[in-house]
Amino acid sequence: MHITLRQLAVFTEVLKSGSTTHAAQVLALSQSAVSASLTDLEGQLGVQLFDRAGKRLIINEHGRLLYPRAMALLDHAKDIELLFKQGQGALSLAASSTIGNYLLPAVIADYRRDLPDARLELTVGNSQEVIDAVAHFNADIGLIEGPCHQHDIVSQPWLQDELVIFAAPGAAIFKQPVTLEALANAPWILREQGSGTRELVDHLLLSKLSHYHVTMELGNSEAIKHAVRYGMGLSCLSRRVIADLLDSGLLREVHAPLPTMTRTLYLIQHQQKQRSRAIERFLTYCHQVVE
């Protein structure tokens, strides 16, 4: 058997791109070369890796079985290529918005100060988008705002975080005792479904209310805190997100008759992802964060 790294690279790119045409563009090959490489790989393995539906290629059980192993081999090959080069490789990160916007900048600044030539890419999305990026090997490390229950993802507790309810200083909620009924009747502005923050708010806060009224769902914590600042409703976000506006008096914390809402932030990786030196090195910077 003479499987080549090029064949595995073609296979993984066809899977990610969804067609030989797009894979050819990414790999700077002709479409015929991509198709021939994929056909040769399937011939050597004795199975089809994709089901053909017209011009569409749909990954099947054989392709799903090969994909993580192919990615692991390609990662090993990349590490070998970079083994004797300064910086030892690029790093791709995916982080949920609270982490990506409020925690990682300091970590990345320390990392880049010590290793100015190290390449690093960061994608910010909600927790489910980060999990998907790690699951499909589009990110080396993921950082999310809650546990991940996907079987092929390894989670590691990282930091503790506190969620707080807040409103504009002149909001109606402060003109009466802050009861669960008052919170239930208030207009809420919350993160979108799929967000780690929203999952915890649903569990620790909204589930304790007899009813609730969500007036807006926004995919950006900055948008939420400014909407609340201008009196559009209440919200619940990480204390890290609103600390500046709390300190300046532009927002005010709502002390609800509920236990403190805390959560664990997690580092995640695919269980078959090769831990390169670049990954190990970046993780040491993550663990140096002071809460």
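The questions below ask why parts of this predicted model are described as they are.

Q: Why is Asp140 called buried?
A: Buried means under 20% relative accessible area. Asp140 has 11% relative accessibility, so Asp140 counts as buried.

Q: What makes Asp140 and Lys273 a salt bridge?
A: The rule asks for a side-chain nitrogen of Lys or Arg within 4 Å of a carboxyl oxygen of Asp or Glu. The closest N and O atoms of Asp140 and Lys273 are 2.8 Å apart, so the pair meets the rule. Lys273 is buried, with a relative accessible area of 12%.

Q: Which parts of the chain does the salt bridge of Asp140 and Lys273 link?
A: Asp140 is in the loop between helix H7 (127-135) and S5, and Lys273 is in the loop between S11 and H12. The two residues are 133 residues apart, and the pair links distant parts of the chain.

Q: Why is Asp244 called partly exposed?
A: Partly exposed covers values between the 20% limit for buried and the 50% limit for exposed. Asp244 has 45% relative accessibility and therefore counts as partly exposed. Lys225, with which Asp244 forms a salt bridge (3.3 Å, N to O), is buried, with a relative accessible area of 2%.

Q: Where do Lys225 and Asp244 lie?
A: Lys225 is in helix H10 (residues 221-229) and Asp244 is in helix H11 (residues 239-248). They are 19 residues apart.

Q: How do you know that Arg275 and Glu280 form a salt bridge?
A: Their closest N and O atoms are 3.5 Å apart. The cut-off is 4 Å, so this pair qualifies. Arg275 is partly exposed at 37% relative accessibility, and Glu280 is partly exposed with a relative accessible area of 36%.

Q: How many salt bridges does a search of the whole structure find?
A: The search finds 17 salt bridges. Glu145, Asp161, Arg240 and Arg263 are linked in a network of salt bridges.

Q: What makes the pair of Tyr67 and Phe137 edge-to-face?
A: Rings pair if their centres lie within 6.5 Å, and planes over 60 degrees apart count as edge-to-face. The ring centres of Tyr67 and Phe137 are 5.5 Å apart and the planes are at 80°, so the pair is edge-to-face. Tyr67 lies in helix H4 (residues 61-82) and Phe137 in the loop between H7 and S5, so the pair ties together parts 70 residues apart in sequence. Both Tyr67 and Phe137 are buried.

Q: How many aromatic pairs does the structure hold?
A: It holds four aromatic pairs. Tyr111, Phe282 and Tyr285 form one aromatic cluster.

Q: Are Cys148 and Cys286 buried or exposed?
A: Cys148 is buried, with a relative accessible area of 11%. Cys286 is buried too, with a relative accessible area of 0%.

Q: Which residues have the most contacts inside the largest nonpolar core?
A: They are Leu104, Leu143, Trp158 and Phe282, in a core of 24 residues. Among the elements that give two or more residues to this core are strand S3 (91-96), helix H6 (104-114) and helix H12 (277-286). H12 gives the most, with six residues.

Q: Which residues does Leu104 touch, not counting residues up to four places away in sequence?
A: Leu104 touches Leu93, Ala95, Ile99, Leu122, Leu143 and Phe282. There is also a second, separate core of 22 residues, which includes Ile165, Ile173, Phe174 and Leu205.

Q: Why is Ala182 called buried?
A: The limit for buried is under 20% relative accessible area. Ala182 has 9%, so it is buried. Ala182 lies in helix H8 (residues 180-185) and touches Ile173, Gln176 and Pro177, not counting residues up to four places away in sequence.

Q: What makes Arg252 lie over the ring of Phe174?
A: The rule requires CZ of Arg to be within 6 Å of the ring centre and within 35 degrees of the ring normal. Arg252 lies over the face of Phe174, at 3.9 Å from the ring centre.

Key. Residues are numbered from 1 along each chain as its sequence is written. Side-chain values use heavy atoms; hydrogens and water are left out. A nonpolar core is a set of buried Ala, Val, Leu, Ile, Met, Phe, Trp, Tyr and Cys residues joined through side-chain atoms within 4.5 Å. Buried means under 20% relative accessible area, exposed over 50%, partly exposed in between (1.4 Å probe, protein chains only). Helices (H or I, at least four residues) and strands (E, at least two) are DSSP runs, numbered from the N terminus. Contact means heavy atoms within 4.5 Å. Rings of Phe, Tyr and Trp (its six-membered ring) pair if their centres lie within 6.5 Å; planes under 30 degrees apart count as stacked, over 60 as edge-to-face and the rest as tilted.
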